[in-house]
Amino acid sequence: MRLRVVTAEPDREPRDTRPAAAAVLEMAQAGDPRTGAALFDRYEAQVNRIVWRVLGADEAHDDLVQQVFIALLKGLGRVREAEALDGWVAVVTINTVRSEIRRRRIRRLWTRDEPLALDLAEAPAVPHEARELLRRTYAVLDKLPADERIAFGLRFIDEMPLAEVAAACGCSLATIKRRLQSAQARFRRLAAKDPALAERLRLGEEGRDDGPA
Amino acid sequence: MDPLEQLTREVGRTIGDGPGPERRQRQRRAALRLTRAPQRHGFWSRWAAPLAVAAALVLVWVVREAPRPATLTAQVGARPFAAGAWLAADEQPVALEFSDRSRVVLAPAAAIRLIRVDAAGVELGLERGRLDLEVVADEARAWRVAAGPFTIAVTGTRFSAEWRPDSQTLAVAVAEGRVQVHGGTLPAEGSRLSAQQRLEVRAVPETEEVASVAEPEPARVEPVREPVRSRPAREVPAWRRLSDAGEHAAALAAIEREGLAGQLGRLGADDLDRLAHSARLAGAAGPAREALTALRRRFPGDARAHKAAFLLGRVALDLANDPGDAAAWFTTYLEQRADAPLAEEARGRLLQIWRDLGDADRVRAAARDYLAHHPEGSRAGQARAMLATP
């Protein structure tokens, strides 16, 4: 069985974010010097989570978060509706991440740089095996095309609802489903070349085969 | 659950939601600098740029002249000890010494991993047991000890830390100086300890523990041999739910509260396999080994009992840092079935073990065996290179 792509997830409760978003917009329109702080306090968790999970906690994380907030402050004046702010933040974050993935790929063509190392120094203690699993998984994700990697990371690692993935990536539901299927297939193919990941996926399949129907 | 789905969920849980509070504070300070109050034009607007250039030049000169902290190194006895290496004490304490005269002593049976050591500081992963630390104060260096979900941030101080994976309990006792403990069930701002203070904290809240042990278990006389997933959902034990959800450390703690030794004699092959998996992912070599050994002893005809030999090798190699034991298990796995599904991986690991141990005869024998069975294998090039080396 493959990962199933579904259209609705009941597990994330919608919340009314309009008052906070409206306050941020008002501050921006008034030229309030506290806009950066308000924007950061409102959206840092969302931005950090997306960048961290899609790119894999690498050493350049804080620089990328900074880039996202520069882009957000630059474009904030163009946002008119408070309801649109949450979605727009996700789109800007994804666009920044996409540019970074492409920039790294081009740079690697010329410099043969290694992918950036995982930086979990401040994360809770993660056992050696789990760190190894992360390193290998993100090494495979590093080989996926930027759009597939982003869709895969948002949907399967961040477990973002499908509709939100489509909105953040700026495409239709049908497109995002196709992209996810392609990303899954490519991930499986590339993971098969990594002994530890291949074993992990194979053991899972065997366990399922061995188990009761 | 689809194995790929399991894998990605586990990755999501392990990687978490982002960096820790200190880094987020730094990010916030950077964001604050992005917007500034409107400024009056006048003297400053004319002179700000030249003054900034002058200040930058002064800063560059100061930074170049400022003494940089020397890189730290670590050693055990006379042997250098590098980041990424594991250290375990058997029956005698073992001391890990640093070039700045800081010292970490592992009590008997304790195990650590040196995650990072450089000019900026040291990060240790306490896998189990007690450590006594004497850290020489240096503001330029940050010391951290990670144990389960907890992190102890250290400045110059003398203290001990004990992590008991069985009960998911951390005990910290400070003799001198101060430490800050974060994570687990502690409040977001952490808990600060000063000299002569002691903290004992569990990773799992008490309410969760009660919920776990309150799960009704049917009375059983015979070992459970029925596939566990065929039972009604309400009877699924807490540890198994946690294991399936990827909460491996919590699953292990839950089953240990129920009595691991007793469960090893009762669980079916499916559950022993699942328990071993959770123990491996939680980094607990002992329970993983016990579950896999029980699987082999009680279900010798089951395909998973054969696979358990391979996994015992992995546990010995990756968790117990015992390459000799690992080699014995990989050999057992291959002896039982030369064409086993993980045969290439087992032969590859043998190759790596003998190479790391510097046993030239065994390296050549392992390389020949590998090439005879897997001439197109992923390590075939490596094996040929080993044979070509005189």
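This is a predicted model: local features need pLDDT of at least 70, side-chain atom pairs count only at pLDDT 80 or more; totals for chains, interfaces and linings use all residues.
Trainee: How many disulfides does the structure have, and which cysteine has the sulfur nearest to that of A:C169?
Mentor: A disulfide requires two cysteine sulfur atoms within 2.5 Å, and the search over all chains finds zero. A:C169 is in no disulfide, and the nearest cysteine sulfur is 5.3 Å away.

Trainee: How many helices and strands does chain A have?
Mentor: Elements are DSSP runs numbered from the N terminus: helices are H or I with at least four residues, strands E with at least two. From the N terminus on, chain A runs α-α-α-α-α-α-α-α-α. The totals are therefore nine helices and zero strands.

Trainee: What percentage of the contacts in chain A with a separation of 6 or more join residues 24 or more positions apart?
Mentor: Contact here means heavy atoms within 4.5 Å. Chain A has 213 residues, of which 53% count as buried. Among its contacts with a separation of 6 or more, the share from residues 24 or more positions apart is 70%.

Trainee: Which residues have the most contacts inside the largest nonpolar core?
Mentor: A nonpolar core is a set of buried Ala, Val, Leu, Ile, Met, Phe, Trp, Tyr and Cys residues joined through side-chain atoms within 4.5 Å. The largest has 65 residues, and helix α2 (residues 35–55) of chain A gives the most to it, with 10 residues. Beyond its neighbours within four places in sequence, A:L154 is in contact with several residues, among them A:I50, A:V54 and A:C169. The residues with the most contacts inside this core are A:L85 and A:L154.

Trainee: How many residues does the second, separate core have?
Mentor: In soluble globular proteins, nonpolar side chains tend to be buried together. The second core includes B:I255, B:L350, B:A380 and B:A383, and its size is 50 residues.

Trainee: What percentage of the residues in chain B is buried?
Mentor: Chain B has 14 helices and 14 strands. Of its contacts between residues at least 6 apart in sequence, 45% join residues at least 24 apart. Among its 390 residues, the buried share is 46%.

Trainee: Which type of aromatic pair do B:F98 and B:W143 form?
Mentor: Rings of Phe, Tyr and Trp (its six-membered ring) pair if their centres lie within 6.5 Å; planes under 30 degrees apart are stacked, over 60 edge-to-face, and the rest tilted. The search finds six such pairs over all chains. B:F98 in strand β4 and B:W143 in strand β8 (residues 142–147) of chain B are 45 residues apart. Their centres are 4.9 Å apart and their planes 70° apart, so the pair is edge-to-face.

Trainee: Which parts of chain B does the pair of B:F310 and B:Y333 tie together?
Mentor: This pair is tilted, with 5.5 Å centre to centre and 55° between the planes. B:F310 is buried at a relative accessible area of 0%, and B:Y333 is buried at 1%. The pair ties together parts that are 23 residues apart in sequence, namely helix α10 (residues 303–319) and helix α11 (residues 323–336).

Trainee: What is the phi of B:R101?
Mentor: Most residues other than glycine have a negative phi. B:R101 lies in the loop between β4 (94–98) and β5 (103–106) of chain B and is exposed, with a relative accessible area of 70%. Its phi is a positive value, near 75°.

How values were computed:
Residues are numbered from 1 along each chain as its sequence is written. Chains are lettered from A and ligands numbered from 1 in the order in which they are written. Side-chain values use heavy atoms; hydrogens and water are left out. Buried means under 20% relative accessible area, exposed over 50%, partly exposed in between (1.4 Å probe, protein chains only).
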